[in-house]
Amino acid sequence: MTFPSPHLSRRQMLAASAAVVVAFSAASCTQAESPTPVPTPAGPAPTPSDPWRPVAHLTAEKNWLNDPNGLVYHDGTYHAFYQYNPQGNSWGNMSWGHSTSKDLVHWEQQPVAMEASPEEEIFSGCIVMDKNNASGLGSAETPPMVALYTSAYGKNGALPQGSQAQSVAFSLDNGTTWQKYQGNPVLNLAPTNNNFRDPKITWYEPGRYWVMTTVVADAQVVKLFKSTDLLRWEYLSDFSGVGAQGGLWEVPELLHMDVEDSTAKKWVMLLSINPGGIAGGSGMQYFVGEFDGRRFTAENAAAPGAPLTESQWLDHGADYYAANSISGAPGDKPVLLGWMGNWDYAQDVPTTPWRGSMAIPRELTLVRGAKRLELRSAVAGAARETLDRSGEVKSKNLTVGSSLQDLGQEFRGRTQLIELDMDLKSAREAGVLLRHSSSASETGLRISYNKETGSVRVDRSQAGTSNFSGKFSPFHEVALPSPGSKVHLTILLDSSSVEVFAAGGTAVISDTFFPDWDNTGSSAFSMEGDTDFTVTTRGL
């Protein structure tokens, strides 16, 4: 759970005007019996009066959302809980919002799951299915869905005002209604701490117990605990002293992953940092190493104080934060959902009546890089299948000289899934200009590859409204591991965001931007020479 300011005085701020926890009923969803037809979004669509509403990304119908919490797949339904303000369009009154999906693209918002009170706000956490009822909170016939979350205490709370500790809630009706455990909090520090938060649970099979990762955010420490019943927790160890240290450490998670094309397995620690990310402000780093049931040890990790380029980053854009995996998701790869925001400016973005969205769910693969093991990202399988059924495929081959060439009417659009192949024959740099005006001017979202530097860049400086914050950084780039004259990019363009996957997903840039409604043009460009393009697009 991130606070809207990196300063301690603001981080300790707790809102004091919300209702007590209430149980709600939710509408039921039915499992699709065949891959077609494609389901329609349950929420609002973008309009000229709401031009930046995403089509293929989770948002709330109204009000503020940020970090995803309690991500779980159960009985054919993906559940996404998230930090949500039921009272307004800015951070505060932190509660758990709730949305469900069958395909990770089309989301239906449910009633608020757990709502803030003056005594306790509901900060970030996780959910697991307690299939064997180890907690005793359900029964063999009705095993509970168990949530571990951070209680942020207000006036007259169970702990001193401003302190944070870990608590339990449970559901016996598939996440529709929630009850708080009477023994809360189940995990606290002595003395109490104002920045002890973000529990995430991993099952450790050799020991037959759950492992919880959590943080003391302002000390840049991940604390590990274990439990066999989700209620009583034993301290294991601390993880600290490596990687980027320039801000709060938040939302840690341990993943046990196969190494591609190998029988080896490794442990990966995901860790968000704010500020101090590679693109400025919020970001996500990760570490690869070993976990022996008590202690996680990172291998080939950057030293504290090293250049940020020596750390390993899950995304090189400005808007990817607090991602964690969906518990129980189908398949053998972790499926992540992340917040598409940056605390440098998230509270200032010009959307209304909603503010904040999630990135497209992505699956992770652990691969061997030139110097160390690396994570590779791709659009999650269920989401990609849905996107691939969404619209008519259009393709074009062309050669562009030192100019800007409009791709034509069939490539105009506000939302597209684009596969782009470029062969920079004699050119120094080439790319596409998206969401530009009908005059095909130089204004628009500029995505390019530079052959000399071997880097991909997303430039949003001329892509629309940006005067809402001086910290809305103009561009972001990432160097590819094996640069050359040919490059392939997968580009997911939505109403107010872009996600660019390069080098097989080992280099990703996720950015928000806020273009004019009427700007729907797409062009290809080449600089100082010729480039061969193959562009394939599908409208969303």
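## Exercises: rings and pockets

The charged end of Lys-226 sits over the ring of Tyr-209, 4.6 Å from its centre. The model is predicted; local features need pLDDT of at least 70, side-chain atom pairs need pLDDT 80 or more, and totals for chains, interfaces and linings use all residues. Numbering runs from 1 along each chain as its sequence is written, and side-chain values use heavy atoms, without hydrogens and water.

**Exercise 1.** Find the ring face over which Arg-457 lies.

*Solution.* Start with the criterion: NZ of Lys or CZ of Arg must be within 6 Å of the ring centre and within 35 degrees of the ring normal. Arg-457 lies over Phe-475, 3.7 Å from the ring centre.

**Exercise 2.** Describe the pair Phe-239 and Phe-296, and state what it ties together.

*Solution.* Step one: rings of Phe, Tyr and Trp (its six-membered ring) pair if their centres lie within 6.5 Å; planes under 30 degrees apart are stacked, over 60 edge-to-face, the rest tilted. The whole structure holds 27 such pairs. Step two: these two rings are 5.1 Å apart centre to centre, with 70° between the planes, hence edge-to-face. Step three: Phe-239 belongs to β12 (residues 234-239) and Phe-296 to β16 (residues 296-298), so the pair ties together parts 57 residues apart in sequence. Strands here are DSSP runs (E, at least two residues), numbered from the N terminus. Step four: check burial (buried is under 20% relative accessible area with a 1.4 Å probe, protein chains only). Phe-239 is buried at 5%; Phe-296 is buried at 3%.

**Exercise 3.** Characterise the largest pocket.

*Solution.* A pocket is an open set of points on a 1 Å grid over the protein atoms alone, where a 1.4 Å probe fits, with protein on both sides within 12 Å along at least five of seven lines; lining residues have an atom within 4 Å of a point. Its volume, the space filled by probe spheres set on the points, is about 1,000 Å³. The lining has 35 residues; Ile-201, Thr-202, Trp-203, Ser-327 and Gly-328 lie nearest the centre.

How values were computed
Helix = DSSP H or I, 4+ residues; strand = E, 2+ residues; numbered from the N terminus. Buried < 20%, exposed > 50% of the residue type's maximum accessible area, 1.4 Å probe, protein only.
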